[in-house]
Protein chains: 2
Amino acid sequence: MKLDDKGILVVLSGPSGVGKGTIRKALFEMEGHDLIYSVSMTTRKMRLGEVEGKDYFFVSREEFEEKIKNGEMLEYAEFVGNYYGTPLKYVKEQLNEGHEVVLEIEIQGATQVKSKMPHAVFIFIAPPSLKALHDRLTSRGTESEELIQKRFDKALNEMHMAYMYDYIVVNDDVHNAAEKIMTIIKAEHARTERTIHGYEKLLEVE
Amino acid sequence: MKLDDKGILVVLSGPSGVGKGTIRKALFEMEGHDLIYSVSMTTRKMRLGEVEGKDYFFVSREEFEEKIKNGEMLEYAEFVGNYYGTPLKYVKEQLNEGHEVVLEIEIQGATQVKSKMPHAVFIFIAPPSLKALHDRLTSRGTESEELIQKRFDKALNEMHMAYMYDYIVVNDDVHNAAEKIMTIIKAEHARTERTIHGYEKLLEVE
């Protein structure tokens, strides 16, 4: 018996290079999940092979700024001259229909979500060690040492935001981490702040 | 990788007649659990078949009152002239060794635990309906209608304490309920208040 008939907004975040995307993919490959991935909106050009509404919703800069102005973005950021963000309407619709909605976003965006939807579940993905984080940033490609150091410094700063989150999950193993996240989502449905309304109805009925 | 090496104190409570004991038993019959049941202390006489240290720790009234005076009881209550309670020392030792300790106690005792160990996880067991609760109280035996009504009124009062708890789990099916509780315990280990200390160590090491 479910006392809570709404979906939960699950915010996966953490420092750059921690492996948020990989964990999110592992989560969606798990059996029997009822998760919906919130497709982001962007003003950048569509790339070869990308699909509108699957990889991103592609809009013009004017449309995006209009949406910001009207409060239609749950969170957004500008990155290398393009906007990226999460449209609020889609998220709310899915939650009301009882689906869990997963956002995989940067720390900055997560902070915006926190202020707009405080009942979301905030999960901080942490690296197993600082060395592991540095290794991941290094192994990404052919970037200069200076750029890697810059990214690492940024990631270190982001590491200190963990205390703002509800949960900390270490990415030592992608599947372990995904399973932990699934466990957290299930448990959250029983939390009193989510069940008390249904519980009060149960008391009223008779 | 575990950021949290301590056990969690799990408080199962709820109105009389909701089936706390049955759920606790189902929980301990689950495979692969690392739960320890905290044996209560009592001043009542040992009954035939009961085992010291398994069913209860049996002590004299003087010993029990001495423990209350010395702050050695995590919670206690007097019932039909006898004391029942949870010795604090055993619980703390088990938690420090990394075991989850389960208390199955009355609402009144849970309130005492809340003030002494605020980091415990408080799970309220709710009946699927008020009628189900009434039925359970009725089916218990041969008690008078008056006594049953008294118990039901008490249970109704206790139902309103749910908002003090961290989680509400409906006892519609014993095994579902036990599984939900296990899920909650697992998820709680990732909560930031429990992991932040280990996480900070992870940041320091390098």
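Visitor: Which residues in helix 4 of chain B are buried?

Guide: Please note at the outset that this is a predicted model. In helix 4 of chain B, residues 107–116, the buried residues are B:Ile107, B:Gly109, B:Ala110 and B:Val113.

Visitor: What puts these residues on the same side of helix 4 of chain B?

Guide: The residues cover an arc of only 155 degrees around the axis, and therefore they lie on the same side of helix 4 of chain B. The partners of these buried residues are strand 1 (9–13), strand 5 (73–79), strand 7 (100–104), strand 8 (121–126) and helix 6 (145–159) of chain B.

Visitor: Why is B:Phe152 called partly exposed?

Guide: B:Phe152 is located in helix 6 of chain B. A residue is called buried if 20 or more other C-beta atoms lie within 10 Å of its own, and exposed if 12 or fewer do. B:Phe152 has 19 C-beta neighbours inside 10 Å, so it counts as partly exposed.

Visitor: With which residues is B:Phe152 in contact, leaving aside its neighbours within four places in sequence?

Guide: On that condition, B:Phe152 is in contact with B:His134 and B:Leu137. As for B:Ile68, that residue and B:Phe152 are 84 residues apart in sequence, with 30 Å from C-alpha to C-alpha.

Visitor: What makes strand 8 of chain A mostly covered?

Guide: Six of the six residues in this strand, residues 121–126, are buried. Both faces are covered: one side carries A:Val121, A:Ile123 and A:Ile125, and the other carries A:Phe122, A:Phe124 and A:Ala126. In a regular strand the side chains alternate between the two faces of the sheet.

Visitor: How do you know that strand 8 of chain A pairs with strand 1 of chain A?

Guide: Two strands pair if at least two bridges are found between them. Strand 1 (residues 9–13) and strand 8 of chain A have four bridges, in the parallel sense. Within this pairing, A:Leu12 has A:Ile123 of strand 8 of chain A as its bridge partner. Strand 8 of chain A is also joined by four bridges to strand 9 of chain A, and these two run parallel. There, A:Ile125 is partnered by A:Val169 of strand 9 of chain A.

Visitor: Why is chain A called as compact as a globular protein of its length?

Guide: Chain A contains eight helices and nine strands. Its radius of gyration is 18 Å, close to the 17 Å that the globule rule gives for 206 residues, so chain A is as compact as a globular protein of that length. Along the principal axes, the C-alpha trace of chain A spans about 70 × 40 × 30 Å. Of the 206 residues in chain A, 37% are buried.

Visitor: How do you know that the copies meet through the same surface?

Guide: Of the interface residues of chain A, 100% are also interface residues in chain B, so the copies meet through the same surface.

Notes: Residues are numbered from 1 along each chain as its sequence is written. Chains are lettered from A and ligands numbered from 1 in the order in which they are written. This is a predicted model: local features need pLDDT of at least 70, side-chain atom pairs count only at pLDDT 80 or more; totals for chains, interfaces and linings use all residues. The arc is that of the directions from the helix axis to the C-beta atoms. Two residues are in contact if their C-beta atoms, placed from the backbone, lie within 7 Å. The radius of gyration is taken over C-alpha atoms; the globule rule is 2.2 Å times the number of residues to the power 0.38.
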